[in-house]
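Please read it with the structure open.

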Amino acid sequence: MILSCNHISKAFGTEIILNDCSFHIEDTEKAAIIGVNGAGKSTLLKIIVGELPADDGTVTVGKDKTIGYLAQHQNLSSEATIYNEILSVKQTLIDMENRLREMENLMNTTVGDELIQLTDKYTRLTHDFDLKGGYTYKSEIAGIIKGIGFDESEYDKPVNQLSGGQKTRVALGKLLLSKPDIIILDEPTNHLDLNSIKWLETYLSSYPGAVLIVAHDRYFLDKIVTKVIEIDLHKSYVYMGNYSDYSKKKEAMREAQINLYIKQQKEIKHQEEVIEKLRSFKQEKFYKRAQSREIALSKMERIENPDVTESTMSLTLEPNCISGNDVLFVDNLSKRFDDKQLFSDLSFSIKRGERVALIGDNGTGKTTILKILNEIIPADSGSFTLGTNVFIGYYDQEHHTLNDNNTLFDEVADAYPDLTNTKIRNVLAAFMFTGDDVFKKVGDLSGGEKGRLSLAKLMLSNANFIILDEPTNHLDMVSKEILENALNKYTGTILYVSHDRFFINRTATRIIELTNQQLVNYIGNYDYYEEKKDELTQIYAPKQETKPDTTTSSSSGKEDYLQKKEEQARLRKLENDIKKAEKRIAELEEKLSEIEEKLSDPSIGTNLAELSKVTAQQNEINEELEPLYKKWEELSSLL
């Protein structure tokens, strides 16, 4: 066991957050903490890592075990570049590597016994350096930086100039590279694109240590965790299995609880009727029997009604009028920021009733497209046209449409001056803003609360074309399900950007992926996209250095012949390059097999100098093989 939480309780003033919560995590276990917003998940993580004290209870971490913690928000202020900031995690290996270089230089000028001693120290340090990953840490860093969504062109960006989301990704990279015994992550997918989320899934699933995650991404949890810890009404409940297993067990328990509640209510009603009857007899012995039953009834442990839960969001979306069948035409849209071309010549259309998800990696321009459609920023070229009677309602993930100086009440009243005070309060109450909450300043709200307020305004807009930018960010799982149901019942048209795969799978009727500066269309949900992605990307948006010339040629027959010969020569060169790569791969794999046989020899294991030599050869071969595999894949794709 690596972590044990025993009877943890926490309150802020009179507000109870956690009450007698207990669970444990085994050495290699992958677990999730779930619950509605405000349930106390982040508070529990802060108690575990020592940032907050518990009022009662204890947290026990295994002896000599290390914890790595990633909070939701990071405020890195380093002047180092992205690469150097992440590289700093491996400072111990860098120091060892520098020491080895110094020793190598000394060997050139050292003789006799001093040389023997120096060689012995060098051998031991080389072995230690190898055991700690000294020969692979640079490729490991490159893999992690790429995995968390940065490309080589961003390596030299100073960390203190990054956005909050980018800083969180840098912090995540540093944490993963430090390889603690238990990784604790609070909403790690909030600032990652789909490819980075899938990469992180694979990384955490195969991580040799323990993992504890707070997340609302249901696909993500299904792929990784084998235990779910739910915080519900201040208590903790442990379920074995992934999120889908938890959902089934939770529903079964809820049904059982409802049956017990109904049965108990019948028994209570029966006892009350008997007591009333006994009292009606007006005799001492019947009065005492009635009194005895009343005492027993008062001591009965009452079962709570499972249907009476904490306040949840109430969302109903319905257009005020029906639009024409053609809702949106986008024609040859292009946009560049500074020296980066986000996209060019994008064209697509949307019909009434469609629910279209726009997906793609971070930085490809998804949010930019939504802002162009809402006339927040202009396109460099191209145009878009709205259909007949189309009225847009826009949900902005950065909530720029909200005025931080307004109260919640004024924010709604300013946008909809015809609403009565009662109507405004009812709408805000539907989104869990009750009592004096309505007089809070918008600027004082959390990200989730601002999201709920934006959705409340969207509900009042009566738009028939809703455009949403990351609508599930900061929403808990219950609120996500409410939003999913509302969008599925909506009779208007929807275009949204999201990286929540479960949400996309539940709501999208069509997916448009922005990749390689082109659009690829998928008529289906996320499962269909996953099935067809490789095939359709290769057809409609292959990765190319330059676009082929599509202009009509009036070249002579001789020019056509020369072009054909050049194409044949290119293909022959590709085939030869593939054969060379395959031959070298076969040679290296054979050498690797021979080295693996050597390493299985017990005599090698006791000879540190020979072991170091053989291991170094193994690392060199692996470092050559990795780019060869990649090269072979690229050549095969081109062919």
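The points below take the sheet, then the helix across it, then the cysteines.

1. This is a predicted model, and every remark here should be read with that in mind.

2. Three strands form an open sheet in the order β11-β10-β13, and their pairing is antiparallel. The edge positions are taken by β11 (340–351) and β13 (381–386). Each of these has a single partner strand, so one side of each is left without a neighbour in the sheet. From one strand to the next, the twist averages 10°.

3. The pairing of β10 (residues 326–337) with β11 is antiparallel and runs over eight bridges.

4. Helix α11, residues 366–373, lies across β10, β11 and β13. Relative to β10, helix α11 runs at about 120°.

5. How many disulfides does the structure hold? The count is zero. A disulfide is a covalent bond between the sulfur atoms of two cysteines. For C5, the closest cysteine sulfur belongs to C21 and is 8.9 Å away, which is too far for a bond; the cut-off applied is 2.5 Å.

6. Are C5 and C21 buried or exposed? C5 has 0% relative accessibility and therefore counts as buried. C21 is also at 0% relative accessibility, so C21 counts as buried. The cut-off for buried is under 20% relative accessible area.

Key: Residues are numbered from 1 along each chain as its sequence is written. This is a predicted model: local features need pLDDT of at least 70, side-chain atom pairs count only at pLDDT 80 or more; totals for chains, interfaces and linings use all residues. Side-chain values use heavy atoms; hydrogens and water are left out. Two strands pair if DSSP finds at least two bridges between them. Helices (H or I, at least four residues) and strands (E, at least two) are DSSP runs, numbered from the N terminus. Axes are lines fitted to C-alpha atoms, for helices over the stretch in contact, and angles run from 0 to 180 degrees between N-to-C directions. Contact means heavy atoms within 4.5 Å. Buried means under 20% relative accessible area, exposed over 50%, partly exposed in between (1.4 Å probe, protein chains only).
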